Amino acid sequence: MSAVTDNQYSSWRRMLSPTGNTGDAVYRVVMLLVALLMVAIVIAMVWALATESMQSIRQFGFSFLRGHTWDPIRGEFGALPFVYGTVASSLIALLISVPFSLGIAIFLVEQAPHYLARPIGFLVELLAAIPSVVYGLWGIFVLAPFLREYVQPPLARVLGWTPLFRGQITGFGLLTGGIILAIMVTPIISAVVRDVLSAVPSSQREAALALGATKWEMIRVVLVNGAPGIAGAVILGLGRALGETMAVTMLIGNRPEISASLFDPSYTIASAIANEFTEATGDLYLSALVELGLILFLVTFIVNGIARLLVWNVTRKTGGVGRAA
Amino acid sequence: MSVSKRSFQLVACLSIFVFLLIGIACNHGGGGNGGGTVSLHGAGASFPNPLYQKWLSEYEKVHANVRIDYQSIGSGGGIKQLKEQTVAFGASDAPMKDEDMKSAPGEVVHVPTVLGAVVITYNLAEVKQPLRFTPEVIADVYLGKIKKWNDAKITADNPGVTLPANDITVVYRSDGSGTSAVFTDYLSKVSTEWKEKVGTGTSPKWPIGLGAKGNEGLTGQVKNTPNTIGYTELAYAVQNKLPVALIKNAAGNFVEPTIDAVVAAAAASAATIPDDLRVSITNAQGAQTYPISSYTYILVYKNQQDAGKGKALADFLWWGIHDGQNFAKALQYAPLPPEIVKKAEAKINSMTAGGSPLRS
């Protein structure tokens, strides 16, 4: 009997109510709508950004992506310096933040005694709750003067022969923006990595130790098991870094120029929109700013896509089991 | 059965949520005047926001039946919302451009409310007395042509001041702002090179320097970074006790930025002000005028659609250019000189609804 009815029902009907219960059907429809709503919002946002930026897209075409000049007074708009600043500051943030976050998470899960693990974990998570404008103010009043006095001069002395650490030392610029982003994404990455490591079965640790592994070798086994989850945590942090606005704009120097030196000011897409949108008059100017938003959307998509490919690649090779995140 | 009950509750909750959203959206557009009270919405420039908020709270004390709110969203946003008729009045630091006036759905009237000034501030720990700048020096520093503090062009105007041999770090406002517009308007008037290379605007393409967000960001960067130079609003510099430079005006005198010097700049140009009151008073004539001064305006439609709201708006503006002026100095704004008040009165009196004047 049941086999016959299964065939009569359409696959939709079966998906919505496998048991034939109306409550189940209603529940599933509601959940489906909620999920579709998210997709609809994303599509609506892309649609709105695309239509609002049509004037700029028509006028500049691909030269908008290649252009170096951003001059609202003369109506010349090029997005390349903003794209560079966004990607570069996020990469600096990850380079600094990932080793720290891994260290914090490993310490909390594998080494810290219970009376330390809880308060430290709590404090790290508290960092994530600080509003970004507070990070920005702290950056202006504490971080930037500190970098200017104690970090940038020795860097310029030792590594000044590379193009990376040259130019006027002001405490503001791409490096400072990257460092503040690193501080902001560390709690997110470390919290997720901690959960990932906790989810790795104890049997893995016990097996490693039983085979005579040292503690460090055992931790390596745990890390390999958690690799996909760790990569997911890094992607989450990257997402935050790409879109972060307030703290970065207060420290990065807000200058749409591409310079090899990390000491020089730079600019991110999100900062440019936040800075200029309120006072933007003229349709082309507004349209160009909206197109910047569209590009940020695309950059986030592409970077996330690349990151997911990397994760997929890593999981295929290691065959990890800790798919916790 | 409890499962379906719960899901119905969920559906109910969701639909209530959706209706709430729709309700909020509708309410925003409506803005009723039920119960005899008139409500007016305004939006625009952030520079006069502290004064306007003071006005609103004082005005409500004497006119309980009028509710006015003001959103400090920036001059550009104020003009945009006025053109889209989502606000009763807009506010802008710079007068509206001709093309904006043309594309507005009705004739827009500019009512000047107060005056402000842009001051040059700097961070040089060893310099105690205020520095003196000529217009050429300011332009050259912001063009990147003067690079050191002890450049001969700077020291020439500052005898007896020992200036360090350090690089100048130029700081500008990265957010689009009326302050930048006034400053670049001044530089365009005093330097042809500036006018050709950069021009006047809220977000120009700065030839050199670091961008700081907002008055607070700029002040923070200048205060915390040695050898910086920046520009900010007079009110902000006074409240934060920043060192401010004396600037050589069109008459050749070095003038300190004070409220009196700003009023003098407005008074000096009162005779030549155009009928629509759209004017830039930077680099004004007169012996004691401070050269980087400007009006800030409230923008309204000459022809109001709703007589009741229009009357309330005209009355509020009238109060603002008279009683409201008394609150200006305490908040570091320069009050309008009497001859400008007369001209602003005429503008308010020209407001009509359905052909009949609103104030008579």
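Visitor: In what order do the three strands of the open sheet in chain B come?

Guide: Keep in mind that this is a predicted model. The edge strands are E12 (303-304) and E14 (356-357) of chain B, each pairing on one side only. The pairing in this open sheet is mixed, and the order of its three strands in chain B is E12-E13-E14.

Visitor: Which residue is the bridge partner of Asn303(B) in E13(B)?

Guide: Strand E13 of chain B covers residues 352-353, and two bridges join E12(B) to it, with the two strands running parallel. For Asn303(B), the partner in E13(B) is Thr352(B).

Visitor: Over to chain A. Where is confidence lowest there, and where is it highest?

Guide: The chain as a whole has a mean pLDDT of 89, with 94% of the residues of chain A at 70 or more. One stretch of chain A, residues 320-325, stays under 50, and the model has 24 contacts for it beyond four places in sequence. By element, the lowest mean, 51, belongs to helix H1 (residues 2-8) of chain A, and the highest, 95, to helix H6 (residues 80-111) of chain A.

Visitor: How many helices and strands does chain A have?

Guide: Some overall numbers to start: the C-alpha trace of chain A spans about 75 × 60 × 35 Å along its principal axes. Of its 325 residues, 37% count as buried. In chain A, the count is 15 helices and two strands.

Visitor: Why is H14(A) described as largely enclosed by the rest of the structure?

Guide: Look at which residues are buried in H14(A): Ile269(A), Ala270(A), Ser271(A), Ala272(A), Asn275(A) and Glu276(A). The helix is largely enclosed because the buried residues of H14(A) number six of the eight.

Visitor: Which element gives the most to the side of chain A that touches chain B?

Guide: Between the chains, 30 residues of chain A are in contact with 34 of chain B. On the chain A side, helix H3 (22-52), strand E1 (70-71), helix H8 (132-159), helix H13 (246-251) and helix H14 (269-276) each give two or more residues. By class, that side has 14 nonpolar, 11 polar and five charged residues. With six residues, the top contributor is H3(A).

Visitor: How far apart do the C-alpha centres of the two domains of chain A lie?

Guide: Chain A is divided into domain 1 (2-52) and domain 2 (62-317). Four residues of domain 1 of chain A are in contact with five of domain 2 of chain A. On the domain 1 side, those residues divide into three nonpolar, no polar and one charged. The distance between the C-alpha centres of these two domains is 36 Å.

Visitor: And in chain B, which element supplies the largest share of the side of domain 1 that touches domain 2?

Guide: The assignment for chain B gives domain 1 (31-113 + 294-357) and domain 2 (117-293), and 24 residues of domain 1 of chain B are in contact with 25 of domain 2 of chain B. Helix H3 (75-83), strand E4 (108-122), strand E11 (293-301) and helix H13 (338-349) of chain B each supply at least two residues of the domain 1 side. By class, that side has 13 nonpolar, six polar and five charged residues. The largest share, four residues, comes from H13(B).

Note on methods: Residues numbered from 1 in each chain as written. Chains lettered and ligands numbered in written order. Predicted model: local features only at pLDDT ≥ 70, side-chain atom pairs only at ≥ 80, totals over all residues. Pairing = 2+ DSSP bridges. pLDDT = per-residue confidence, 0-100. Contact = placed C-beta atoms within 7 Å. Nonpolar A, V, L, I, M, F, W, Y, C, P; charged D, E, K, R; others polar. Domains from an automatic or database assignment. Buried ≥ 20, exposed ≤ 12 C-beta atoms within 10 Å, placed from the backbone.
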